[in-house]
Every structure is written in C-alpha cells, then in structure tokens.
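Colleague: Could you walk me through this one? I'm new to reading structures, so please take it slowly.

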Amino acid sequence: MRKVCELGRSMVEMLGVLAIIGVLSVGGIAGYSKAMRTHKLNQHAVAVNSLINNMLYIKDKLKSTDIGKTVYYDELFYKAGLLPDGMIYNGYTIVDIYFNVTMRTYYNREENNDYGGITFNFEERLDLADVCKNIIFTVKENADSLWLLEKSSRTDTIHYQGHIYGNNYCNGTSKKCISAITLNDIEDLCSSCVDSTGCQLHMLWK
C-alpha cells in the first residue's frame with residue numbers, strides 16, 4: 001500500500017510539472033511572437049526611412065518634363081541599387097519583405113503643381129494597423145523635407161483625406177503640420193486602412 005500511495009503522489013506531481021511547463025511555453029511563445037513583430041516593425045521603419053531619404057537625395061533628377069503624365073521609378077530604384085535592405089522589386093512594384101506591403105515611387109507633373117512621392121498600398125489586411133502607424137511615424141521624422149501626407153480610400157470612387165503638410169508648407173497657416181500630428185490623428189488615418197476597403201498612404205514632396 002505504501003508503494004502505491006507513493007506512486008500516486010509522484011504522478012500528481014508530474015502532471016503538475018507538465019501543467020506548469022505548458023503554461024510557461026504558451027507565455028514564452030506569445031512573448032517571442034510579440035518580440036519578433038516589434039523587431040520586424042523596427043527593421044521596417046529603418047527600410048522605409050532609407051527609401052524616403054534615397055528618394056529625396058535624387059529628387060531633382062527624377063522630375064519629369066511631360067505635363068499630365070505620371071512617371072514611375074520603381075525599376076530605376078532597383079537597377080540603381082537604391083532599394084534598402086528589406087525591400088525588393090517584383091517586376092512591377094516595390095515590396096517590403098517584412099509585411100508584404102507594396103509601394104510605388106513616382107513623379108507627377110501637372111499644369112501648376114509638380115510633385116513626387118511614394119504611395120504605400122494597404123489591401124484589406126486586418127493585421128497592418130501597426131504597420132500603417134509605423135510608416136506615419138517614419139514620415140513624421142522627415143517632416144522638414146516633405147510637402148504632404150494624405151490618405152486615399154477606395155470604395156466606389158477614390159476619396160482623399162488627411163492633407164497634413166510638411167513643416168515648410170504649413171507654418172503661419174491653418175494647415176495641419178506633419179510634425180504636429182497626434183496619436184489620435186494617426187489612429188484616424190490608419191483606421192480604414194485595415195478594414196474591408198483598404199487604403200493608400202501618399203507621402204509627397206515638391
């Protein structure tokens with residue numbers, strides 16, 4: 001009888017140990033996943049910042065002479081070695097390897113309004129709210145060099161909203177400055193980017 005009781009006690013202890021290990025494993029996996037996503041967001045921010053700076057560095061060479069025509073430079077960036085680590089060219093657009101968000105780099109010349117930019121495409125993916133915010137925070141770091149940040153949502157037609165201006169285009173006016181945007185502003189801009197319609201973020205320079 002004594003041996004049977006001892007065996008029962010050690011089985012209970014073993015089950016307790018296994019239960020503890022299971023709880024710790026679940027917590028460890030969740031913590032690891034969160035740490036990995038944070039790491040990917042940090043790497044993504046570095047890549048986006050590098051792309052913005054590379055584009056601003058050669059922006060004067062990208063200007064088009066064709067009025068009313070949009071010229072895309074994704075392939076040029078790829079061939080010139082200007083794509084930062086973490087971004088690839090897929091034959092049509094630029095894609096980041098961290099979250100698979102596509103981008104287009106371009107210059108557009110109109111009658112009275114010439115500008116270039118990068119458009120970030122969010123296509124109906126619910127897991128990209130923090131990626132959208134990540135991009136806006138990175139754009140905010142470059143507020144002195146940019147003209148405009150805006151969002152377009154795709155429903156039956158394209159609706160533009162946001163219109164937040166770079167520091168050199170909003171001073172002394174009622175226009176909202178990129179450097180002054182709040183967390184609530186960022187939440188508003190990103191909210192529809194992760195719903196069923198998706199959106200585009202446009203980072204523009206002159």
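This is a predicted model: local features need pLDDT of at least 70, side-chain atom pairs count only at pLDDT 80 or more; totals for chains, interfaces and linings use all residues.

Colleague: Okay, disulfides then. How many are there by the count?

Modeller: The count comes to two disulfides. One of them joins Cys-132 to Cys-190, with an S to S distance of 2.1 Å, and this pair links distant parts of the chain, since Cys-132 is in helix H3 (residues 129-141) and Cys-190 is in helix H4 (residues 183-191), 58 residues apart. Cys-170 and Cys-177 also form a disulfide, and their sulfur atoms are 1.8 Å apart.

Colleague: Which hand does the disulfide of Cys-132 and Cys-190 have, and why?

Modeller: The torsion about the S-S bond of Cys-132 and Cys-190 is about -85 degrees, so that disulfide is left-handed. For Cys-170 and Cys-177 the torsion is about 110 degrees, and therefore that disulfide is right-handed.

Colleague: And are those cysteines buried or exposed?

Modeller: Cys-132 counts as buried because its relative accessibility is 0%, and Cys-190 is buried as well, with a relative accessible area of 3%. Cys-170 and Cys-177 are both buried too.

Colleague: Switching topic: what does strand E4 pair with?

Modeller: Strand E4 (residues 102-109) runs antiparallel to strand E1 (residues 69-72), and four bridges join them; within that pairing, Tyr-72 has Tyr-106 of E4 as its bridge partner. Strand E3 (residues 94-96) is also antiparallel to E4, with two bridges between them, and here Val-95 is partnered with Thr-102. Eight bridges join E4 to strand E5 (residues 114-122), again antiparallel, and Tyr-107 has Gly-116 in E5 as its bridge partner.

Colleague: What about the turns between those strands?

Modeller: E4 is joined to E5 by a hairpin through four residues. The hairpin of E3 and E4 has five residues between the strands, and in it Asn-100 takes a positive phi near 60 degrees.

Colleague: How many residues of E4 are buried?

Modeller: Six of the eight residues in E4 are buried, which leaves the strand mostly covered.

Colleague: Last one, His-44: where is it, and what is it in contact with?

Modeller: His-44 is found in helix H1 (residues 2-57). Setting aside the neighbours within four places in sequence, His-44 is in contact with Asp-96, Tyr-98, Phe-99, Val-131, Asn-134 and Ile-135.

Colleague: Why does His-44 count as buried?

Modeller: His-44 counts as buried because its relative accessibility is 1%, and the cut-off for buried is under 20%.

Definitions and conventions. Residues are numbered from 1 along each chain as its sequence is written. Side-chain values use heavy atoms; hydrogens and water are left out. Buried means under 20% relative accessible area, exposed over 50%, partly exposed in between (1.4 Å probe, protein chains only). Contact means heavy atoms within 4.5 Å. Two strands pair if DSSP finds at least two bridges between them. A disulfide is a pair of cysteine sulfur atoms within 2.5 Å.
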